[in-house]
Amino acid sequence: KAATALISLLLIFGITVTGTLAYLFVSSALSSNSFRAVNVSSEVSESFSGSSKSNVMIHNTGDIDAFVRAALILTWEDDNGNAVNKSASLADLNIILNTTDWFCGSDGYYYCKTRLAPNGFTPVLVTSAAVRTDCDGYLAGYHLNLQILSEAVQAEPESAVNNAWSAVHSGGSVLEG
């Protein structure tokens, strides 16, 4: 009788383990990984005519919706293109900025107010910019170099732009923070 009880217990244990393993293998189907790395990048598009710059826009060269910002960097240079120790500012330019679609944040960056689709362009930021011929740097014989640098951050999730920049994202647009 003891041998029969032991064999019965071993059979019950074996059936239970086999059934559990079969259930785990059947219910554990392979799942696909839906993670996709995205590319967030931008570049400046601008026109030159002599010593003036115009139609400055930012191009979303990434593959995801993005918010963009731009920095306007001004330096005075000598005839050889070397920076000189003379401060430059937007006041040294005759410049027309689009303040309808862009705003200047407290950090000095210009933020486009709307998200930008992949391969899309922002509204024009700088309609035109030319050196004022009555400013000190020009009168001293220097050349003003206006560089425009762009940055992009993915538009989704909303926390991405909030964490990256001091501007805040709300309802598909960037608002001054």
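## Reading strands, core and surface

In strand S2, Phe48 has Lys53 as its bridge partner. This is a predicted model.

Reader: Which strands does that bridge belong to, and how do they run?

Author: Start with the pair. S1 and S2 run antiparallel, and 7 bridges join them. S2 covers residues 52-60. Another pairing is Ser42 with Asn60 in S2.

Reader: What is the strand order in the open sheet?

Author: Read the order through the pairings. The sheet has 4 strands in the order S1-S2-S7-S4, with antiparallel pairing. The edges are strand S1 (42-49) and strand S4 (93-97), and each of these pairs on one side only. From one strand to the next, the twist averages 20°.

Reader: Where do side chains point in a strand?

Author: The general idea is simple. In a regular strand, side chains alternate between the two faces of the sheet.

Reader: Is His59 buried or exposed, and why?

Author: Buried means under 20% relative accessible area. His59 has 12% relative accessibility, so His59 counts as buried.

Reader: How far is His59 from Asn119 in sequence, and how far in space?

Author: Compare two distances. His59 and Asn119 are 60 residues apart in sequence. From C-alpha to C-alpha, they are 6.5 Å apart in space.

Reader: Which residues have the most contacts inside the largest nonpolar core?

Author: A core is read from its contacts. The largest nonpolar core here has 19 residues. Leu72, Trp102, Leu125, Val126, Leu146 and Ile148 have the most contacts inside it.

Reader: Which strands supply this core?

Author: At least two residues each come from S2, strand S3 (66-77), strand S6 (110-112), strand S7 (126-131) and strand S8 (143-154). S3 gives the most, with 5 residues.

Notes. Residues numbered from 1 in each chain as written. Predicted model: local features only at pLDDT ≥ 70, side-chain atom pairs only at ≥ 80, totals over all residues. Heavy atoms only, no water. Pairing = 2+ DSSP bridges. Axes fitted to C-alpha atoms, helices over the stretch in contact; angles between N-to-C directions. Core = buried A, V, L, I, M, F, W, Y, C linked by side-chain atoms within 4.5 Å. Buried < 20%, exposed > 50% of the residue type's maximum accessible area, 1.4 Å probe, protein only.
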